[in-house]
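Where does the ligand sit in this model, and what surrounds it? The structure is shown first, and an account of the site comes after it.

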Amino acid sequence: TGNLWGYGKEDGPSVWHKNYPVAQGDRQSPIDIVPHQASHDPSLGPVVLNYDQCTSIKIANNGHSVVVEFDDSDDRSVIRGGPLDNPYRLKQFHFHWGVKGCHGSEHTVAGNSYASELHLVHWNAVKYTTFGEAATAPDGLAVLGIFLQTGDDHRWLNMITDALYTVKFKGSAADFKGFNPKCLLPSSLHYWTYLGSLTTPPLHESVIWIVVKDPITVSEKQLGKLRTLLFTGEEEDQRTRMENNFRPPQLLKGRNVLWSFR
Ligand SMILES: CCCCNCc1ccc(S(N)(=O)=O)cc1
Ligand SMILES: [Zn+2]
């Protein structure tokens, strides 16, 4: 099975539109968030995360990122409030990063990018029966985006970076139980929100984006461990380091970005 898409010159974001024409659609992600052009919406309440009973199951290398997957068979881990009309169930989280310091996030803020970006992916299990069905619906997914900046070591990120050696190759997976991603959030959940899409193929325009304003701080050493992952499988003789797995900002096409914080 060939790779349908990637982040290289031949298969990267600039050619995704050939196999996924929605890449040139009206609500594509990520975007550059321009704070003073965003509108304050007083009706936007805080985002509420109920992750206390959350159950991570496994960590995996899907050839595009490292993903931690959760048991989403009930409403034990949900995000609600903010722009959301229903609770959305936590399905997985993953990261996007660069090759060094200051590039690697997908969303940018006034043209500035961060070293990495964490995506917590949730789906609307009130209206839809499966993640796959929700992933094609305009209000099917809610992704919480958290920026990572470099500085001191992040105490809890070590739980993930210490497990990366078990998922070095595309297609590898390992048990990863008992991890609660609440420990990866900044203290303030002030956010921007807008209607967008998956940032990787199939690029479905099904995501209500909630991008948290404040970054968390991780060390260059921890980011370096993400870069020891490979895009390629164990059986492939050509080893390619997993880095720069981010899509650049897409056109806003008249969308409104709302902000919650005062
Ligand atoms: C049914 C097809 C969906 C598979 N792909 C999932 C997926 C989830 C989140 C993101 S992201 N990067 O927008 O958070 C991309 C792709
Ligand atoms: Zn993502």
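The paragraphs below go from the pocket to the ligand in it.

This is a predicted model, in which local features need pLDDT of at least 70, side-chain atom pairs count only at pLDDT 80 or more, and totals for chains, interfaces and linings use all residues. Residues are numbered from 1 along each chain as its sequence is written, chains are lettered from A and ligands numbered from 1 in the order in which they are written, and side-chain values use heavy atoms, with hydrogens and water left out.

The largest pocket has a volume of about 460 Å³. Of its 25 lining residues, N62, Q92, H94, V121 and T200 are the closest to its centre. On a 1 Å grid over the protein atoms alone, a pocket is an open set of points where a 1.4 Å probe fits, with protein on both sides within 12 Å along at least five of seven lines, and lining residues have an atom within 4 Å of a point. A volume is the space filled by probe spheres set on the points, which are joined across faces, edges and corners.

Ligand 1 sits in this largest pocket (more than half of its atoms lie within 2 Å of the grid points). Residues around ligand 1 (a heavy atom within 4 Å) include Q92, V121, L198 and W209.

Polar contacts are pairs of N or O atoms within 3.5 Å. A nitrogen atom of ligand 1 is 2.8 Å from an N or O atom in the side chain of T199, and a nitrogen atom of the ligand is 3.3 Å from one in the side chain of H94. For H119, an oxygen atom of ligand 1 is 3.4 Å from a side-chain N or O atom.

Definitions and conventions:
Polar contact = N/O pair within 3.5 Å; in protein donor to acceptor, adjacent residues only side chain to side chain.
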